[in-house]
Amino acid sequence: MPKNTNDHRDLTPEEIAAREEKFRSFFTTTAVNVPVEMTRRDDEPQKPKKRFGLFGHNNPRREAEEPADTPLEMPTGEVLLGADAQPEEEADLELVLKPTADPEPETSLRPLAEQQPVAAAQPEPPAPEKEPERPAEPAKMPEPEAPAQPEKKPEPQEQPEPRAEKSAKAAKQPKPRNAKNAPEVLLPQEQQEQQEMAELKAMIGLGSKAPAPKPAPAKQPEKAAEPKDAAMPAVVFAAAKDLPKEPAEKPSIFEMFGTPEDEQKPEAPAAQAEKQSAPGKEDTMSLPLLPLDEETAGAENVEETASTEKAQNTERAEAQPQEESTEPAAPAEEAEPAPPETPAEKLRRMGAELTLRCALAGILAVVLLHFGLVSDRLLPALNVLDPDAAPAAFYGANLLLFAASLCVGWPVLRDGLKGLRERPSAEAMPALAAAAALLQAVTAMLNANTYHNTEGISLLTGVAALGLFFALLGGRVMLAAVKGGYELIAADPEHRGAYRAKDKDLLRALTRDLDQKDLWVLLSRPLQAANGFVEQCLGERASERRAQKTARILLGAAVLSGMLFVLFGAGWNKAVAAMAAVLCLGAPLSSTLIAGLASLRLQRAAAAVGAVVPGWQAIEQLGGIDTLQVDADDLFTADSALLEDIRIFKGGRIDRAILYAASVLNAGCGTLQGLFRQIVEDRTDILFPVKDLEEHNGLGFVGWCDNNRILIGNRKYLEQESVPLPDEEYEAEHSKNGELQILYLAVSGSLHAMFVLRYVGGRNTARSLAALQKENIRLLVTCRDPSLTARHISEAYHLPEGMVTLLDQEQCDAIAAAPIDPADPCCMIHAQNFASLTGGLQAADQAQNAETSATTVQLVSVWFSIVIALLLTSAGSIWQLSVATALMYQAAWSALSIAVCALKQHN
């Protein structure tokens with residue numbers, strides 16, 4: 001509560017006493033337990049303190065009116081609230097400066113402290129028990145002195161003359177009587193407060209210059225009486241640190257609240273852990289209190305605890321890195337291996353990498369072509385890189401740029417050089433041209449002046465970099481074709497796989513009734529797992545095998561040309577230039593681009609009919625197929641069968657005949673299923689359930705329906721089952737001499753009905769069969785319709801006799817029992833229709849013809865370049881091949897080969 005000194009100036013002593021009595025009655029009604037020693041001992045009215053000097057108003061009239069014999073009272077620590085509150089006495093807290101004209105003696109607390117004798121025989125009243133909720137106020141610690149910088153001794157202030165007179169008057173003045181209820185022996189807290197007040201007065205030069213005598217400590221019940229000059233323990237807290245000794249010299253008034261160096265002093269460990277917000281002061285109120293006699297033991301325990309904790313923390317910090325280094329090893333072993341990369345992720349990663357390489361290689365190729373044309377004086381040079389002014393810088397920049405181009409096209413260089421001895425590769429010739437151009441660039445930089453002064457010599461690094469770019473571009477186009485095929489397969493898992501039959505027993509059974517025994521039969525089966533689809537698509541091609549041989553011949557011609565120039569004394573510069581000219585002229589720019597374009601056109605043509613041809617190996621196998629195994633359901637749809645007539649025999653009913661036939665054929669025959677479901681209007685709920693259904697390919701069906709044994713088949717099957725049939729003339733009359741199909745129905749061994757059917761071929765199927773007919777591919781048909789024969793299929797689609805062969809039951813069982821070799825590659829992946837199968841075959845055949853023709857044109861260009869190189873070598877002018885000449889030659893032959901490839905796949 002702030003003090004207001006003007007509130008009680010006009011109050012009389014009686015009013016002040018009444019307010020104090022009211023406050024004491026209020027304070028005693030509270031729950032606070034105030035000890036006897038802490039009660040007020042100022043029942044008698046006292047004179048307010050004079051407020052003169054440094055903190056006073058210097059009012060002599062007011063001083064004269066106040067009585068002079070007011071006894072001095074000791075502070076008790078009471079708190080006055082409400083109307084009983086009096087102005088707080090500031091004798092123990094304020095510094096009083098008396099004016100020179102003040103005749104009154106100085107009131108000092110020191111004589112009062114000296115007046116109280118220490119009774120050795122009379123023990124001090126026992127202190128009340130310390131409650132944890134309300135701990136006693138700890139003694140204040142003096143500010144420690146900064147060890148780094150010793151404090152400067154303040155200059156002594158000059159004391160005025162009246163000060164001595166005032167001290168003499170105070171000595172002669174009789175000692176005031178003790179306040180009421182004041183104890184004979186002062187409490188340690190009171191003694192400490194008096195000592196601090198005296199020291200504070202001495203610091204500012206108002207008190208006596210002689211050091212204040214230390215108060216005698218209170219007698220402890222368990223210890224012997226200590227001498228009077230024994231020092232009082234500063235603090236009694238468990239975690240208190242050792243306090244520094246008091247400085248010999250008093251600090252200045254400006255340093256009484258601390259110095260800047262105090263902020264940098266280290267704190268006790270407990271204080272640092274408990275109080276982070278105020279590093280300059282120690283929060284002693286939050287520390288547990290200990291008895292005075294246990295101070296030393298508590299300090300020792302705290303030091304031991306702190307040292308033990310520090311040692312444990314050090315050991316834990318040393319052991320933690322070892323645990324961290326050993327613990328991750330266990331999860332690494334227990335961690336599950338990363339899942340393998342899926343084909344889709346692999347294709348996506350390879351596509352992004354090749355796209356970036358193509359872009360960088362194209363930019364570098366254009367820049368290097370500019371260098372070559374500048375070297376040939378066909379384009380103006382830059383001011384910075386002028387071959388006439390600074391040939392070394394020009395050729396050095398050319399070498400650095402070409403080295404960067406080789407880094408970008410490293411896959412082409414690596415696979416091409418390996419393709420000379422290991423697996424064949426179409427990148428062999430572009431890689432050889434790049435290696436020769438690199439040798440030329442190094443030679444030009446090492447002999448810059450000589451190379452520049454040689455008339456007619458040029459730099460072919462741009463042509464070689466262009467070959468690397470087109471090789472990367474061809475690989476990117478090939479990858480786009482593979483990615484498109486894989487996405488088509490992943491989009492529809494209902495695809496079927498076409499495999500070439502290689503089992504000898506199966507081939508022997510299929511060709512039993514055929515004149516030709518050595519057949520390439522393509523079987524259509526459910527698709528197996530296509531795990532090696534990407535590898536199969538990127539497999540070795542026939543054009544690469546031919547390119548490997550041609551690359552070796554081209555390399556031999558280049559080496560021969562270089563050796564001839566060296567042997568005839570033309571110099572290394574011309575020899576290296578001759579080798580680079582032969583290889584750059586012979587390496588086609590469209591070496592890999594032809595295969596990529598053919599594969600991309602193949603993928604798009606096959607995808608139009610729902611088929612995918614994976615790689616060149618599949619193309620070669622499909623190109624040799626001469627027999628195709630299909631099912632009758634692929635040739636005829638549900639709308640292809642028509643019911644021309646129905647004949648009911650004695651004892652039969654037409655409704656029962658239709659229901660019996662629809663029930664059996666709905667469960668067994670695909671081609672006739674749609675016909676009879678149209679007759680019953682797709683009301684399958686009215687059909688009878690069929691039990692023990694048996695199928696005999698080429699003959700018919702047998703099963704139990706409505707407790708009757710139902711037979712449906714052709715004439716041959718019912719004769720085997722001993723069912724009486726009409727004569728053949730009756731059957732020929734209704735079938736129009738075999739143009740229509742006859743299907744009999746027998747119920748419980750008696751003929752019930754005869755159905756006259758006719759099949760109509762589809763337009764798309766007829767177009768596909770016409771394409772097969774042109775390629776001389778025959779058909780092996782498995783049919784579940786007993787009325788359908790090879791003659792009817794040929795007549796429906798106007799096919800030549802012998803092109804269609806209907807397989808019997810034994811041959812169908814051989815196909816079903818044929819083993820499936822996991823290592824046997826899938827030739828084609830197609831949809832479940834005949835158009836997809838034949839469309840894939842046709843697309844593969846066109847792609848094979850296109851790629852073969854285009855690569856033949858490429859090889860012709862290489863062989864022609866070898867002939868030109870040998871002729872120019874014999875004339876001694878092959879080293880003068882310019883960049884423009886090489887570009888025009890390569891552009892002409894590359895355009896021709898690409899045009900041939902596109903024309904072959906146009907249809």
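Student: How many helices and strands are there in the protein chain?

Tutor: There are 30 helices and 12 strands in the protein chain. Helices (H or I, at least four residues) and strands (E, at least two) are DSSP runs, numbered from the N terminus. This is a predicted model: local features need pLDDT of at least 70, side-chain atom pairs count only at pLDDT 80 or more, and totals for chains, interfaces and linings use all residues. Residues are numbered from 1 along each chain as its sequence is written, and side-chain values use heavy atoms, with hydrogens and water left out.

Student: What is the mean pLDDT of the protein chain?

Tutor: pLDDT is the predictor's confidence in each residue, from 0 to 100. Here the mean for the protein chain is 74, and 65% of its residues reach 70 or more. Residues 60-183 stay under 50, and the model has 183 contacts beyond four places in sequence for them; contact means heavy atoms within 4.5 Å. Residues 321-334 also have pLDDT below 50, with 1 contact in the model beyond near neighbours in sequence.

Student: How do I read two packed helices, say α11 and α12?

Tutor: Two packed helices are described by the angle between their axes and the distance between the axes. Helix α11 (residues 410-418) packs on helix α12 (residues 428-446) at an angle of about 110°, and their axes are 7 Å apart. That makes α11 roughly perpendicular to α12. Angles under 35 degrees count as roughly parallel, over 145 as roughly antiparallel, 65 to 115 as roughly perpendicular and the rest as oblique. Axes are lines fitted to C-alpha atoms, for helices over the stretch in contact, and angles run from 0 to 180 degrees between N-to-C directions.

Student: Which residues make the contact?

Tutor: On α11 they are V412, L413, G416 and L417, and on α12 they are A428, A431, L432 and A434. By class, this contact of α11 with α12 has 7 nonpolar, 1 polar and no charged residues. Ala, Val, Leu, Ile, Met, Phe, Trp, Tyr, Cys and Pro count as nonpolar, Asp, Glu, Lys and Arg as charged, and the others, Gly among them, as polar.

Student: Now the sheets. In what order do the strands of the antiparallel sheet come?

Tutor: Strands of a sheet pair through backbone hydrogen bonds, either parallel or antiparallel. Two strands pair if DSSP finds at least two bridges between them. In this open sheet, 6 strands follow the order β4-β9-β8-β7-β6-β5, with antiparallel pairing. Its edge strands, β4 (641-648) and β5 (690-696), each pair on one side only. Between β5 and β6 (residues 700-705) there are 5 bridges, and E694 has V702 in β6 as its bridge partner.

Student: What is the pairing in the open sheet that contains β11 and β12?

Tutor: That sheet of 6 strands has mixed pairing, in the order β11-β10-β3-β2-β1-β12. The twist averages 30° from one strand to the next. Within this sheet, β2 (residues 521-526) and β3 (residues 627-631) pair in the parallel sense over 2 bridges, and V521 stands opposite T627 in β3.

Student: Is S722 buried or exposed, and where does it lie?

Tutor: S722 counts as exposed, at 62% relative accessibility; buried means under 20% relative accessible area, exposed over 50%, partly exposed in between (1.4 Å probe, protein chains only). S722 lies in the loop between α24 (715-720) and α25 (728-735). Most residues other than glycine have a negative phi. Phi of S722, however, is positive, near 60°. N737, in the loop between α25 and β8 (741-747), likewise has a positive phi near 60°.
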